[in-house]
Each structure stands twice: as structure tokens, then as C-alpha cells.
Amino acid sequence: MDFFLSQEHEMLRTLYKEFAEREVKPFAQEVDEEEKFPIESVKKLQKYGFMGIPFPKQFGGQGADTLAYIMAIEELSAACATTGVIVSAHTSLGAHPILEFGTPEQKEKYLKPLAEGKLLGAFALTEPNAGTDAAGQQTKAVLDGDHYILNGSKIFITNAGYADIYIVMAMTDKSKGTRGISAFIVEKDSPGFRVGKKELKMGIRGSSTCELIFENCRVPKENLLSKEGKGFKVAMNTLDGGRIGIAAQALGIAQGALDETIKYVKERKQFGRSLSKFQITQFEIADMCTKIEAARMLVYKAACYKDAKKPFGKEAAMAKLFAAEVAMEVTTKAVQLHGGYGYTRDYSVERMMRDAKITEIYEGTSEVQKMVISANVLN
Amino acid sequence: MKIVVCIKQVPNTSEVKLDPVTGTLIREGIPSIINPDDKAGLEAALRIKEKTGAKVCAITMGPPQAEKALREALAMGVDEAILVTDRKFGGADTWATSFTLAAAIRKLNYDLIITGRQAIDGDTAQVGPQIAEHLKLPSVSYVEGIQVKDGHLIVKRQYEDRYHMIKVHFPCLITALSELNEPRYMTPGGVFDAYREKEITVWTLEDLDVDRTQIGLKGSPTKVYKSFAKQLKPAGTVLTLDPEEAASYLVEKLKEKHIL
């Protein structure tokens with residue numbers, strides 16, 4: 001067993017940190033405050049290959065691995081969780097299912113430009129009445145000649161409005177429950193497709209989260225991803241991988257909050273000495289560090305399992321469950337250690353605490369992760 | 001067209017601290033980087049490569065760990081990387097360094113050699129022009145702009161109160177300023193390839209046709225008389241603001257430092 005990163009992963013860490021420090025962090029406050037999609041940062045991420053890190057070169061990717069990818073999410077999220085989730089939703093949810101389930105033509109037409117950073121991806125499963133209960137899908141797809149006709153709506157879709165390609169789940173046979181769900185690749189300009197209401201959120205406020213509306217939306221039948229009735233499998237497989245990305249986002253938020261706190265407690269003086277000289281502060285910092293490191297081990301382990309092509313569903317669920325809890329706990333403590341200043345918007349820990357909460361909810365709530373883990377252990 | 005870029009691995013001086021007792025640099029744990037002027041040289045070469053299809057070779061003289069700087073150059077997009085390393089090259093001053101590098105470059109085909117103006121850990125600005133002298137090449141230092149023409153370059157040389165536009169024929173050497181460009185980031189795939197697909201050529205003393213009296217510490221005419229720590233004074237900030245703006249700026253700064 002080896003706990004050391006390879007030299008290439010070490011160098012990637014340096015690259016990601018430098019990129020995040022220069023291209024992402026300076027805008028994080030503004031992105032949050034103005035609920036502004038960080039389009040300039042995204043363009044740079046696209047230019048420098050950050051949107052296709054784990055995909056093979058033949059499909060326009062960088063030919064790196066999952067670990068290299070999730071380390072990028074971690075470092076971007078340490079600076080700005082909004083930016084982290086944009087890359088994660090694009091890579092894990094928008095592009096990865098095409099790599100896993102796409103035909104050679106679909107890979108050429110869609111995966112390649114997604115991995116090259118020419119197009120942005122998104123994934124649409126959740127509906128008003130079908131969140132954790134994915135089988136409650138109401139969006140329908142009916143084959144009509146050479147096209148499927150989609151009708152229905154999706155909510156809480158990350159990257160909506162900015163994405164060019166959406167992986168959309170819809171019922172092709174309601175009577176079969178989850179086995180009646182199919183997955184489709186939908187282009188943003190498809191007739192009958194539009195983006196609806198934008199959500200106003202507590203955190204990750206720069207990420208675009210909207211409703212998608214399908215009104216007799218015509219999707220060419222060659223855009224069926226995998227086979228009819230296999231959509232649930234596509235979705236579950238995709239979310240398994242996506243969880244490692246969100247776990248990395250949570251890890252990054254926690255690390256970012258810790259870094260800010262360390263800086264603050266060394267500078268801030270009360271009773272004639274810096275906060276870092278008080279044992280209560282030291283012990284809090286020790287706890288935060290230790291938990292973050294434990295989360296990092298789980299997240300990296302899940303990524304390494306995926307890279308080794310071993311089953312990683314349980315590992316990904318554990319990583320997300322734990323890292324999200326750590327993110328919430330560490331950011332809350334970070335605000336506490338900042339005192340009154342921490343509650344103001346002059347310091348970024350306030351934003352980080354709001355950003356952390358979503359990691360316990362999206363791409364499977366913490367409760368869902370517990371279902372996945374316990375099912376793996378008990379069955 | 002073939003371009004050779006000389007780079008140096010240096011400690012990131014923005015993170016270097018002084019030992020409060022001895023007054024010497026604490027180098028342990030300080031990350032190493034490619035010298036900033038050299039990185040601008042790399043970027044300049046890569047931009048010429050994009051336009052003309054030139055081949056770019058990065059070369060460095062240093063200890064084995066300088067390999068990392070070459071991997072970074074590969075990850076940025078250079079085609080070839082050469083590490084010139086040998087214990088006998090150790091302790092070299094600028095003369096011995098340029099002598100050794102020139103011997104290595106003589107083994108290569110080149111039209112253009114780019115070095116950085118100077119390294120942030122030595123600040124001599126001598127090695128580039130000295131290499132040109134050893135190789136009997138025309139050289140232009142302090143370059144902040146490059147246009148590639150057929151068989152020659154038009155370069156913009158920084159001067160104290162003006163700049164010069166100079167036409168220089170190949171083969172030649174130029175020394176690059178950081179102001180020349182904004183170096184690109186490595187790409188994740190580039191980093192993977194730099195370690196997994198690409199090789200670094202290593203040349204030791206045995207590989208070079210070089211006068212052994214001119215290398216390393218023994219070949220270095222520079223004698224260090226005395227080393228001492230410079231008295232550091234924080235650089236002040238000069239602002240031209242209205243009194244009101246100046247006051248709020250000051251308050252902001254004092255708040256930042258938790259004085260207010």
C-alpha cells in the first residue's frame with residue numbers, strides 16, 4: 001500500500017493550485033454575490049484541458065485518470081465551489097455517460113467536443129416529483145418515426161442554460177418502473193426544448209440551476225443513449241462516478257475553509273496574542289485537519305478504485321457521505337473561529353459554509369449514500 | 001527551424017525566508033520553479049512553434065532534481081528535454097556554466113537560442129550573453145517582443161528610457177524578459193505525457209567535448225569575497241488618490257491587518 005501521489009499527480013496539484021489561485025479565486029466572491037456564472041473562468045478551463053481530464057485522447061480528452069480529475073475539482077472548489085461543480089457536472093454527468101454507454105458515432109459527435117472543451121455538458125434526472133425516487137419520472141419519450149418525442153420537465157439541473165448537451169432521462173414505458181426509463185442526448189437547440197425558471201440558492205450561487213421544459217421536443221432516435229429501458233442503469237452508473245466528483249468538491253471546500261482559518265487565527269490578536277496561541281484554537285485546527293485528511297483518503301481511494309476498474313459504488317458513497325459531513329462541520333467551525341468577521345461577507349468562510357450544505361444533498365443525499373453503503377454491506 | 005531554450009530551476013524566492021539567527025536563506029521545503037524569465041523564453045519558443053512548426057528543445061544544467069523543471073517544460077509543449085548534470089559541474093559560476101551549456105548546445109542543431117534575462121536566485125544576467133560569446137553568435141538581450149521573419153528576427157529590446165528594434169539573423173541568441181508574454185499553463189494531459197510518454201536525455205561530463213579546467217568550481221574564476229544578508233525593508237506602496245479615497249483605502253488596509 002502506497003499513500004504517496006505519483007510525480008505527475010504532484011505536478012498536477014501544483015498546476016491546479018496555481019490556476020485556481022490566479023484564475024478562479026479572485027472572482028469567487030463576485031460570482032457568489034452577483035449569482036454570476038463564471039463564464040471567463042470556464043473558457044479558460046476549456047482552453048487548458050480541464051474539461052476533459054479523465055477521457056482518452058482519442059475522444060478529445062487529456063488521457064489522465066480519475067484521480068487527476070478529482071484533484072482538479074478539489075483545488076478549484078477550495079477557491080470557488082461554484083466553479084468546482086460546473087466542471088464536475090460537465091465531466092462526470094454530462095460527458096462520462098457518453099464514454100461509458102455511447103456508440104462510436106455518439107462519442108465522435110458529442111464526447112469529443114465535450115472533452116475538448118468546445119461544448120459544455122449537463123445531466124437531467126430530477127423532476128418535481130422524482131428526486132431520490134427516480135422511478136417516479138413523468139417525462140415521457142415516445143418513438144415517432146426517426147425521432148423520439150419528449151414531453152415533461154426537469155428541475156434543479158446544473159449548468160442549465162449554459163450547457164450545449166444534456167443527458168436526459170425519460171420514460172419510454174411507464175409500466176416497467178425503473179426499467180422503463182431511457183437516456184437521451186439532447187442538444188440545446190432541439191425543437192421543443194427550452195430552459196425554464198432559474199433557482200435562487202443558498203450556496204454555489206454562481207452555478208446555473210434551472211428547470212428544463214420539453215414540449216414535443218424532437219430528439220433523433222440515434223441520440224438514444226444505450227438501449228431503451230436502460231436509462232436507470234445509465235443514471236445510476238453515472239451518479240456513482242459523479243459522487244466522487246462531489247466528494248472532491250466537499251473536500252476542496254473544507255480545505256479552502258481551513259486554509260483561510262489558519263491564515264486568520266495567526267493574524268487575529270485578542271488578549272495580547274494571536275488566536276493561534278490559544279489551545280482551544282489549536283485543538284479545533286487539529287480536528288479540522290484530521291477530518292479533512294480522513295475525507296481525502298476516502299475520496300482518493302474511491303477515485304483509485306474507479307481507475308483500477310474495480311467496483312467503486314460503495315467507496316464513492318462513503319467518500320461523499322463523509323466528505324460532505326466534514327465540509328459542513330469544518331466550514332461551520334471556520335466561521336466560529338472567525339467570530340463576528342466570519343459571519344460577514346468580507347470573509348470567504350461565510351460563503352464556504354453556505355456552499356458546503358449542498359454537498360450533503362445533491363447527487364444523492366447523505367441518506368441515499370447510507371442506503372447505498374448499507375445495501376452493499378448487508379446484501 | 002529549431003529552437004533551444006535554456007532554463008534554470010530556482011527556489012521560488014517569493015516563499016524563501018531568512019533564518020533569523022544566521023541571516024542565511026532557508027531553502028528546505030521551498031518549492032522549486034522554472035525561473036520566470038526562462039519561462040517567458042519557453043512561451044516565446046512555443047508561440048513560434050505554433051506559427052512555424054519549429055521544434056523546441058529545453059535544456060538545463062543542474063542537479064538531478066532539475067529534471068522536474070524539464071518535465072514542466074515538456075508539459076507546456078516542448079518537444080525535447082536535455083538535462084546536463086554531473087557532480088563535476090557543481091559550484092560553477094556564470095563562466096563555467098555558460099562554458100558547459102555552450103558545449104552541450106554545440107551538439108545540437110539550432111537556429112535560435114533563447115535564455116531568460118537572469119535568474120531570480122543570482123540576478124547576474126551573464127549566462128545568456130556568455131553562451132552567445134562561446135558559440136560566436138550574435139545576441140540580443142532584454143527582449144520584450146519578437147517577430148519571426150524569413151531567416152531573421154525583429155526583436156524589441158528594452159532599454160532604460162526607450163526600446164530598440166533590432167534585426168538579427170539566424171543563428172542567434174536572445175535573452176527574454178518576463179514582460180515578453182504570459183506563459184501558458186501546463187495541461188493535465190501534458191503533465192501525464194511528460195512523465196509517462198516522454199524521455200529526458202541526460203548528458204554528463206563524459207558526453208561533452210569540453211576543457212575540464214573550465215568547468216565546475218575549479219573552472220570558476222569568480223571568487224566570492226563575502227556573503228551577507230541584505231537588510232530587508234518592505235517596499236512601500238505609492239498611491240495617487242483623492243484624500244477621501246486614500247482614507248478609505250487606508251482604513252481598508254488596517255482592517256485587513258486587524259489593526260482596526
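**Strand pairing and salt bridges in a predicted model**

In chain B, B:Val4 has B:Cys57 of β6(B) as its bridge partner. This is a predicted model, where local features need pLDDT of at least 70, side-chain atom pairs count only at pLDDT 80 or more, and totals for chains, interfaces and linings use all residues. Residues are numbered from 1 along each chain as its sequence is written, chains are lettered from A and ligands numbered from 1 in the order in which they are written, and side-chain values use heavy atoms, with hydrogens and water left out.

Q: How many bridges join β1 to β6 of chain B?
A: Helices (H or I, at least four residues) and strands (E, at least two) are DSSP runs, numbered from the N terminus, and two strands pair if DSSP finds at least two bridges between them. Strand β1 (residues 2-6) and strand β6 (residues 55-61) of chain B run parallel, and the number of bridges joining them is 5.

Q: Which strands stand at the edges of the 9-strand sheet in chain B?
A: The sheet is open, with mixed pairing and the order β11-β10-β9-β12-β8-β1-β6-β7-β13. Two of its strands have a single partner each, so one side of each is left without a neighbour in the sheet: β11 (163-169) and β13 (201-203) of chain B.

Q: What angle does helix α4 of chain B make with β12(B)?
A: Axes here are lines fitted to C-alpha atoms, for helices over the stretch in contact (heavy atoms within 4.5 Å), and angles run from 0 to 180 degrees between N-to-C directions. Helix α4 (residues 127-135) packs on the sheet, touching β1, β8, β9 and β12 of chain B. With β12(B), its direction makes about 175°.

Q: Which residue forms a salt bridge with A:Lys25?
A: A salt bridge is a side-chain nitrogen of Lys or Arg within 4 Å of a carboxyl oxygen of Asp or Glu. Here the closest N and O atoms are 3.2 Å apart. The pair links distant parts of chain A, helix α1 (residues 7-33) and helix α6 (residues 231-267), 235 residues apart. The partner is A:Glu260.

Q: Is A:Arg296 buried or exposed?
A: A:Arg296 forms a salt bridge with A:Glu293 at 2.8 Å. Buried means under 20% relative accessible area, exposed over 50%, partly exposed in between (1.4 Å probe, protein chains only). A:Glu293, at 37%, is partly exposed. A:Arg296, at 10% relative accessibility, counts as buried.
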